[in-house]
Amino acid sequence: MKQNTPIIYLDYNSTTPIDNRVLETMILYLNPNFANASSSHKFGLESNQAVFEARKKIANLISAEDNEIVFTSGATESINLAVKGIALANLDKGKHIITLQTEHKAGLDVCNFLATIGFEIEFLPVESDGILDISRLKKAIREDTILISIMYANNEIGVIQPIEQIAKIAKENNILFFSDATQAFAKIPINVKELGIDALAFSGHKFYAPKGIGGLFIKKGVKCQALLHGGGHERGLRSGTLNVPAIVALGKACEIAQAEMSQTQTYVEELRNFLEQELLKINGTRVNGSQIHRLFNTTNIQFENIDGDALIKALDYICVSKGSACTSVSVEPSHVLKAIGLSDDEAYQSIRFSLGKYNKKAELEETIEKIKLIITDFRNMLF
Ligand SMILES: *Cc1c(COP(=O)(O)O)cnc(C)c1O
């Protein structure tokens with residue numbers, strides 16, 4: 001990339017920049033405080049203390065206990081640990097797992113893998129607004145259902161699932177409930193105690209911490225099989241020397257999120273609504289998924305007869321995406337948009353805008369103008 005390119009970044013759901021306050025805190029634990037948090041000398045104890053404090057900040061953010069947080073390399077690993085780990089540790093109870101068709105690929109692929117080793121997976125559909133109809137979940141529950149795995153908020157369309165109701169149904173039926181909360185965590189208030197969630201995955205790079213660090217909340221007493229064996233770190237659930245600088249960064253990002261959550265929401269939501277309302281003034285546009293039960297930073301818009309890839313390319317220095325970053329290497333239409341009833345063509349014509357706290361109104365004004373010009377151009381070529 002050329003230097004000084006005026007990037008307008010509207011792809012926060014795929015990853016975020018690191019908050020400078022996070023970076024400043026983190027860097028001290030690369031150098032000079034590089035000690036291993038498991039070492040018992042004075043130097044190691046300093047690292048250990050930093051990890052302890054970070055863990056407390058993370059637990060605090062979701063009203064969990066310190067010892068219910070396990071550090072991982074990110075949400076993909078957390079999802080693997082939760083779903084495979086719970087499945088393998090609860091074999092005596094059954095082999096039936098319920099999940100959603102609109103989960104992140106990580107959740108879907110873990111379930112597909114489990115299906116190859118004898119588990120039975122029910123991939124529930126969602127309604128046209130992207131939300132699960134609770135009665136479908138009730139009907140899907142069986143005697144041998146051991147786990148419900150349903151994401152908190154969708155990364156492509158931002159819709160928020162009825163987590164409280166799902167948790168309640170899980171509890172009533174003595175089934176464990178895991179939620180991939182990667183997009184909701186540190187954006188909206190989450191109280192795992194009140195909600196009654198058994199396990200919850202999150203990832204630092206979705207909320208202004210670096211890539212390669214994340215975690216799993218796993219409620220005390222929930223049986224889970226470790227996937228990585230070794231030194232017995234993280235209560236035996238995830239061996240491997242702790243990534244202290246990244247953990248410190250994760251803690252700092254949680255502290256900031258907690259302190260600034262409502263002001264960030266107010267600020268970003270207003271920008272998102274402005275962008276959405278202006279784009280909807282263009283002929284042949286509509287929003288994909290619920291506009292009510294939705295993250296405040298996301299809008300996924302279909303531009304009739306406009307090829308999404310061509311639009312992304314024409315937008316050049318304005319960074320948006322077609323859906324999830326993970327699927328944009330493939331030419332398949334988004335499985336999420338298909339699941340809410342879009343045709344292949346409609347899915348290919350849809351763009352995700354995901355905003356964050358560093359966006360400015362002027363950037364959105366520029367984006368809106370540019371999109372209007374591009375679409376006029378494209379449509380003139382067509383007709
Ligand atoms: C980004 C994302 C993931 C994957 O997270 P990584 O930390 O990159 O592995 C999983 N689920 C959702 C909903 C996401 O948005």
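**Figure 1. Ala181 sits in the loop between β6 (176-180) and α7 (192-195).** The model shown here and in the other views is predicted. Ala181 is buried, because its relative accessible area is 0% and buried means under 20%. Leaving aside neighbours within four places in sequence, Ala181 is in contact with Tyr152, Ile190, Leu200 and Ala201.

**Figure 2. The protein chain as a whole contains 12 helices and 12 strands.** The radius of gyration of the protein chain is 21 Å, close to the 21 Å that the globule rule gives for 383 residues, so the chain is as compact as a globular protein of that length. The C-alpha trace spans about 70 × 55 × 35 Å along its principal axes. Of the 383 residues, 58% are buried. For contacts between residues at least 6 apart in sequence, 74% join residues at least 24 apart. The accessible surface of the protein chain is about 16,800 Å². Carbon and sulfur atoms account for 51% of that surface.

**Figure 3. Strand β10 (residues 298-303) is largely enclosed by the rest of the structure, because 6 of its 6 residues are buried.** In a regular strand the side chains alternate between the two faces of the sheet. In β10, Thr298, Asn300 and Gln302 point one way. Thr299, Ile301 and Phe303 point the other way, and the residues of both groups are all buried. Strand β9 (residues 285-287) pairs with β10 in the antiparallel sense over 3 bridges. Within this pairing, Arg286 has Gln302 of β10 as its bridge partner. Strand β12 (residues 350-354) also runs antiparallel to β10, and 5 bridges join these two strands. Here Thr299 stands opposite Phe353 in β12.

**Figure 4. Strand β3 (residues 96-100) is mostly covered and pairs with a parallel strand.** Of the 5 residues in β3, 5 are buried. Which residues lie on each side of β3? His96, Ile98 and Leu100 are on one side, and Ile97 and Thr99 are on the other. The partner strand is β4 (residues 120-124), which runs parallel to β3 and is joined to β3 by 5 bridges. Ile98 has Glu122 in β4 as its bridge partner.

**Figure 5. Strand β2 (residues 69-72) has buried residues pointing both ways.** Ile69 and Phe71 point one way from β2. Val70 and Thr72 point the other way, and all four are buried. Strand β8 (residues 214-218) is antiparallel to β2, with 4 bridges between them. Phe71 is bridged to Gly215 in β8.

**Figure 6. Tyr9 and Tyr12 make one of the 7 aromatic pairs in the structure.** The ring centres of Tyr9 and Tyr12 are 5.2 Å apart, and the planes stand at 65 degrees. The pair counts as edge-to-face because planes over 60 degrees apart are given that name. Is Tyr12 buried or exposed? Tyr12 is buried, with a relative accessible area of 4%. Tyr9 counts as partly exposed, at 22% relative accessibility. Tyr9 and Tyr12 also belong to one aromatic cluster, together with Tyr208 and Tyr358.

**Figure 7. Phe34 and Phe43 form an aromatic pair that is edge-to-face.** The planes of Phe34 and Phe43 are 90 degrees apart, and the distance is 5.0 Å centre to centre. Phe34 is exposed, because its relative accessible area is 56% and exposed means over 50%. Phe43 is partly exposed, with a relative accessible area of 29%.

**Figure 8. Two lysines, Lys84 and Lys361, lie over phenylalanine rings.** The charged end of Lys84 sits over the ring of Phe113, at 5.2 Å from the ring centre. Lys361 lies over the face of Phe274. The distance from Lys361 to the ring centre of Phe274 is 4.3 Å.

Conventions: Residues numbered from 1 in each chain as written. Predicted model: local features only at pLDDT ≥ 70, side-chain atom pairs only at ≥ 80, totals over all residues. Heavy atoms only, no water. Phe/Tyr/Trp six-rings, centres within 6.5 Å; stacked < 30°, edge-to-face > 60°. Buried < 20%, exposed > 50% of the residue type's maximum accessible area, 1.4 Å probe, protein only. Lys NZ or Arg CZ within 6 Å of the ring centre and 35° of its normal. Pairing = 2+ DSSP bridges. Rg over C-alpha atoms; globule rule 2.2 N^0.38 Å. Contact = heavy atoms within 4.5 Å. Areas by Shrake-Rupley, 256 points an atom, 1.4 Å probe, with all protein chains shown as cover.
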